[in-house]
Amino acid sequence: MDTLNTPTSRYDPVSRFFHWLVLGLLMIEFAIAWTMPDVHKDTKPEGLIAWHIFFGTLILTVVILRILWRLTHSAPADVPMTLLQTMAAKAVHKLLYAILLILPVLGWTNASSRGWDVKLLGLLSLPALSPKGSGWGHEMGDVHQAVAIGLLVLVGLHVTAAIYHQWIMKDHLLQRMMPPGHGK
Ligand code: HEM
Ligand code: HEM
């Protein structure tokens, strides 16, 4: 059986890199979202709003690559836990991946309904996901904001579980996901 100190009992370095990269990008994205001006009917996608779209499309790209990587590279063997805990952890992980995909697409749909030209990394124009002036596209702005809060709640749950493993169960689970170059 693998021990926590053998390489196979940790996520591979690419998975670990993606995990912490997404955390860093999300921190930047939320900081921008909460400081950018309110978006109204005649708002133009400039300044912090342009940065929000830049980082949002970057997150979407990174998450797609991360999921493709994960689908082709398996996770290390599960740490010993109750079946319920294992299932809960897997469900939260899947939901996190799903929200990371859906959230930027909702923002993009809202941006399209405002007639904004959404560009990948500020360079490559992406197709509009809703027609300009579309009512449902506009509604997706509210859904985007609600789902962003949902993501925060879920990440809170995920981090609480990580802290529980680290300090209460003391099973070194965190080491499985330590950034490349850190941890034993
Ligand atoms: C994971 C990536 C993203 C996160 C975490 C995120 C988060 C947020 C948050 C928290 C808000 C609410 C800001 C407030 O409270 O005033 C917001 C608003 C908004 N976001 Fe994002 N966003 C992401 C990606 C995107 C993308 C890719 C786009 C467009 C291409 C986008 C477009 C917008 C727009 C247009 C609003 C204003 C919505 C409205 O007021 O109706 N977002 N975003
Ligand atoms: C301080 C913040 C965080 C800590 C301490 C943390 C910790 C961890 C740990 C220890 C694991 C490995 C679990 C295992 O071995 O079964 C993990 C997996 C995972 N984390 Fe985090 N995490 C954090 C933030 C985030 C954020 C912000 C996201 C995404 C929004 C995220 C998404 C995931 C996902 C999807 C997995 C499952 C990986 C897989 O099996 O594909 N984490 N996290």
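**A tour of the ligand 2 site**

A nitrogen atom of ligand 2 is found 2.8 Å from an N or O atom in the side chain of His 158. The model in view is predicted, and this contact is the starting point of the tour.

Select next the iron atom of ligand 2. His 19 and His 158 coordinate this atom through NE2, at 2.0 Å. Its site has six donor atoms with angles of 87 to 179° among them and is octahedral. Helix α1 (residues 13-35) holds His 19 and helix α4 (residues 135-169) holds His 158, so the pair ties together parts that are 139 residues apart in sequence.

Colour the two histidines separately. Is His 19 buried or exposed? His 19 counts as buried because its relative accessibility is 16%, and the cut-off for buried is under 20%. His 158, at 24% relative accessibility, counts as partly exposed. His 19 also has a polar side-chain atom 2.8 Å from a nitrogen atom of ligand 2.

Turn now to Arg 176. An N or O atom of the Arg 176 side chain lies 2.5 Å from an oxygen atom of ligand 2.

Finally, display the whole surroundings of the ligand. Ligand 2 is surrounded by 19 residues, and the closest are His 19, Arg 70, Tyr 97, His 158 and Arg 176. Which helices each supply at least two residues of this shell? They are α1, α2 (47-72), α3 (83-113) and α4. With a surface shown, the space that ligand 2 takes can be viewed as the largest pocket.

Notes: Residues numbered from 1 in each chain as written. Chains lettered and ligands numbered in written order. Predicted model: local features only at pLDDT ≥ 70, side-chain atom pairs only at ≥ 80, totals over all residues. Heavy atoms only, no water. Donors = N, O, S within 2.8 Å, 3.2 Å for Na, K, Ca; no water. Tetrahedral: all angles 85-135°; square planar, octahedral: opposite > 155°, others 65-115°. Helix = DSSP H or I, 4+ residues; strand = E, 2+ residues; numbered from the N terminus. Buried < 20%, exposed > 50% of the residue type's maximum accessible area, 1.4 Å probe, protein only. Near = heavy atom within 4 Å. Polar contact = N/O pair within 3.5 Å; in protein donor to acceptor, adjacent residues only side chain to side chain. 1 Å grid on protein atoms, 1.4 Å probe; cavity = no way out; pocket = protein on both sides within 12 Å on 5 of 7 lines; lining within 4 Å. Sits in = over half its atoms within 2 Å of the grid points.
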